[in-house]
Amino acid sequence: MVSKKTGLALAGMLAATTFVSVGNSPAQASSHREAPAISQDPQADNTDLYAFRDATDPGKLNIVANYIGLEQPNGGPNFVRFSDDVNYAIHVDNNGDAADDVTYNFRFRTTLANPNTFLYNTGQLTSPTDPDLSVRQTYSVEKVTRKRREVLVANAVVPPVNVGVRSTPDYEAKIAKPAVTDLADGGKVFAGSRKDPFFADLGSIFDLGALRPLNAFHLIPNPPNNGSGNTGIDGLADKNVHTIALQVPISSVTDGGGTPTVVDAKSSVVGIYASAERQQVRILSVDGQRPTKNAGRWVQVSRLGIPLVNEVLIPLGSKDRWNLTAPKDDGKAGFFGFILDPELTRLLPTLYPSVFSTANTPRGGAENRPDLVALVTGQLAGLSPGNALPPADLLRINLASSPGASFPNGRQLADDVVDTEIQVLAGVFTDPDHDGFINNKSGTGSSGIPYSALSDGVQASDGPLLNVFPYVGTPFDGYNAYSCDLVKTCPAGVPGPPG
Amino acid sequence: MRRRLAVLATSALLLTAAPACRGSGAPGPPSTAVPYLQVDPASRSATDRDITSAQDRLRKDLADDGARLELANAFLQKAREVADPTLYTRAEALLRTLADRQAGDKRVLVARTVLALARHEFSEALVLADRAVAAAPGDVSALGVKVDALTELGRVDEALAATQQMLDAKPNLASYTRASYAREQRGDLAGAAAAMQQAVIAGQGGSPENLAFAQVQLGTLLLTSGDLPGADAAYEAALATFAGYAPARAGQARALVARGRPAEAAQILAEVVSVQPLAEYAILLGDSLAGAGRQDEATRAYERVDAIQALYAANGVDVDLELALFAADRRPGKAALAQARKGFASHPSLFGHDVVAWNLFKVGQLEQAAKESAAGLRLGSRDPGQRYHAAAIALGLGQRDAAATHLQVVLDTNPRFSAALVADVERLARDLGMVVPPPAS
């Protein structure tokens, strides 16, 4: 049996922000008032961040920030939308100090065009601003640099969600594409519903860190013939997400406004993170007595730089503090300790006792994990050790690299970051004999299992990407994307849970 | 829905026969047995799905403490939704095992605090909450349960500081709702409604029950502010969020009482009590029937209160204070006062002061009553019930100006806060030369 300590630690560690936890706290046992203690906030939940140079226009940089995870396409009549009370932001550090140099703020405004219906739309929709749309959303994009604050667009339109074949036929061409909006500085923007491009076997990873392809090696060897064999099951299949996609000229985000050409130069690498902020409230006014209604400053409630840092490396008890902290303060706040001594790595010998041991698993700490140090200092984005940047949880991208560069040099929409990170955490880069195989348990020769076999078994999203901006694929529609997660028997042809 | 709740009620009664062994007395041998709950497989409720999934995992591996914790939290959430106190007993069994194995885990500590709060073991709750805060500094759920414990223990300044800390760390439904309550206790109804509105917005897309909770609170704040249409809209929104949500139906009944239509309120409440047997609703039902002049039926509704409270007591929920307030109006006397004092000893909140004050008034100890009432109102609450008590006590002492000041708040907020007390409020107003405004339509 799995050790008890390990069990809870692991379950907690893998509780990603996308994976909603139950709210709790009994309310009305009687007169005293208990508000919920644990509160979900999917609208302010930053689920993924991508950054890649544009393949057709290499002078442009694409940044994609996704919010509101695990959306069911058939979520009517109250379809999920961006929140009017959240400031969504994309932050860029261009001089290596991990602090914001360029920030893009996205603020949304919802209007109820037709308050007399419970329906999202009262007729077929043929454009993003179709009169039959009852709930409309627009947004502004503001660019803030150290010198100025500039509104890049004031009333961009969020296209309606992909309701279904009757409401939204020809969705991409008629509704989504026309909502791509040009920006004042030569860029463009899209904000709206998309197919979530992320893919991972949530069901198995959650179940005590199990990787279905390695079922036989797990501490609790599950019979592989449980309906899925050893193939992974994508927990994001059928799920949509809300995307903010930004395309900007590279010269508009670099320090000094140039376009980098030398790969091994500090100035070629920018560090990016996305966030969501809500407004703080002062309960009492400044004199401490007279209550006030004024809302206060913006407080960061969610952030994302390097994928899965929050989900896999930050312990549950520190997540609120981590989400509140800016990447430039990661060191001061003590978060590198978690990042450079990953709990998952420490658990490998317990979870996969026939594969890992303390002898063949990297120990934690900066001195033992030069690979993770390289990850957080931009060295995996093409910088030599002499040009390493200060450590920070930022998605770093080298703007002099080719547009095809993939994670951890930026991140493409199709990158399999789960497999990459499992392999990195297990020590593929610190492998003493560099043969690509996990050493045997005494740490001397090869065990016969290559690091590349460490995989959740899910290699791609179930929805195709677009070949034009915003690149993130068409969202599944509510009529066809019938999800049978909730029922035991799935109709023929509908992918469902095994067994 | 009906069928499932009927089953629940039956299981609740079965568990009454064997009360839970609790903290007092020698602890029994730790058991890892899981109190599995039969869940309707067709249910589409997220909480039922959480219960099913956690139970499935535990059936596979009893050592899966992650699943055990999720199941405990799902039971605590379901208790919010269906008002079945035996779910606390189920949660407790799971949490005792976890308390042994995972003593320092913040999530276990928060869940144990939630359970202690639900059972009105507030001192115990504060100890656990402090441990949770120490285990996870800056964690908002740990701070949230600490705020609740401090509030119920009457340590209002510390509660305020912890609430502000929550808001600084993470503005979300959990912190906005507590900010709202902090303002409400200080008499800032508009500020409280504004913060609750922020909670409602921040709760979109999250747990439906949690969002509905905030919507109901908003409705009640608007009702007390005299905005009846606003209250109606908030209660309706809560019902759209969480179908059949009992607190929202009870809110609609309160709005009907405020409109001077207690008979219609009673109709709603009879239905609410049949699906969610909570003492609070049985009392509201009795009050509405009494207000409608149907005394016999009111008496029968009040009789249910004792049976319901016995069930809660059997599942470890300490409700002395609530019963003592009920008793002050129904069967005042030394016994009721003693119960109030006993309740106050473990629950010395602002509300606790009010309950003791009202019981003192009923036995004629006016000076003491005035002191307790003032303590309950020391932050400036505009709660019409508390203000009515304060007005009656002040008038009893011959302090007409003070009585008029308190009663003015009642008239400005909601003079029909209790269907059973409408005539009493009118009498008090007449004695003070004041007039209760006619109900809004």
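This is a predicted model: local features need pLDDT of at least 70, side-chain atom pairs count only at pLDDT 80 or more; totals for chains, interfaces and linings use all residues.
Buried area is the accessible area, taken with a 1.4 Å probe, that two parts lose on being put together, summed over both. Residues are numbered from 1 along each chain as its sequence is written, chains are lettered from A and ligands numbered from 1 in the order in which they are written, and side-chain values use heavy atoms, with hydrogens and water left out.

**Where chain B meets chain A**

- On the chain B side, 77 residues are in contact with 57 residues of chain A; contact here means heavy atoms within 4.5 Å.
- B:Arg80, B:Arg107 and B:Arg183 supply 10% of the area that chain B buries against chain A, more than any other three residues.
- The interface has one salt bridge by the rule used here, which asks for a side-chain nitrogen of Lys or Arg within 4 Å of a carboxyl oxygen of Asp or Glu.
- B:Lys170 forms a salt bridge with A:Asp320, and their closest N and O atoms are 3.5 Å apart.
- Helix 9 (residues 173–185) of chain B gives the most to the side of chain B that touches chain A, with 10 residues. Helices (H or I, at least four residues) and strands (E, at least two) are DSSP runs, numbered from the N terminus.
- Sorted by class, the side of chain B that touches chain A has 33 nonpolar, 21 polar and 23 charged residues. Ala, Val, Leu, Ile, Met, Phe, Trp, Tyr, Cys and Pro count as nonpolar, Asp, Glu, Lys and Arg as charged, and the others, Gly among them, as polar.

**Chain A and the cores**

- Chain A has nine helices and 14 strands, and 57% of its 499 residues count as buried. Buried means under 20% relative accessible area, exposed over 50%, and partly exposed in between (1.4 Å probe, protein chains only).
- Among the contacts in chain A with a separation of 6 or more, 67% come from residues 24 or more positions apart.
- The largest nonpolar core has 99 residues, and A:Ile90, A:Phe106 and A:Ile272 touch the most other members. A nonpolar core is a set of buried Ala, Val, Leu, Ile, Met, Phe, Trp, Tyr and Cys residues joined through side-chain atoms within 4.5 Å.
- Apart from that one lies another core, of 83 residues, among them B:Val34, B:Leu126, B:Ala290 and B:Leu323.
- Leaving aside neighbours within four places in sequence, A:Ile272 is in contact with residues including A:Leu49, A:Ile90, A:Gly305 and A:Ile397.

- A cis peptide bond joins A:Phe407 and A:Pro408, with omega about 10°; A:Pro408 sits in the loop between strand 12 (395–398) and helix 9 (417–426) of chain A.
- Another cis peptide bond joins A:Phe469 and A:Pro470, omega again about 10°, with A:Pro470 in the segment after strand 14 (446–450) of chain A.
- A:Ala98 isn't a glycine, yet has a positive phi of about 70°. This residue lies in the loop between strand 3 (86–93) and strand 4 (102–112) of chain A, and A:Ala98 is buried at 5% relative accessibility.
- A:Asp170, not a glycine either, has a positive phi of about 55°, and is partly exposed at 47% relative accessible area.

**Salt bridges within the chains**

- Over all chains, the count comes to 39 salt bridges.
- A:Arg411 and A:Asp48 pair up at 2.8 Å, N to O. A:Arg411 is in the loop between strand 12 and helix 9 of chain A and A:Asp48 in strand 1 (residues 46–53), so the pair ties together parts 363 residues apart in sequence. A:Arg411 and A:Asp48 are both buried.
- B:Arg330 forms a salt bridge with B:Asp287, the closest N and O atoms being 3.2 Å apart. B:Arg330 is partly exposed at 31%, whereas B:Asp287 is buried at 8%.
- A:Asp97, A:Asp101 and A:Arg146 are linked in a network of salt bridges.
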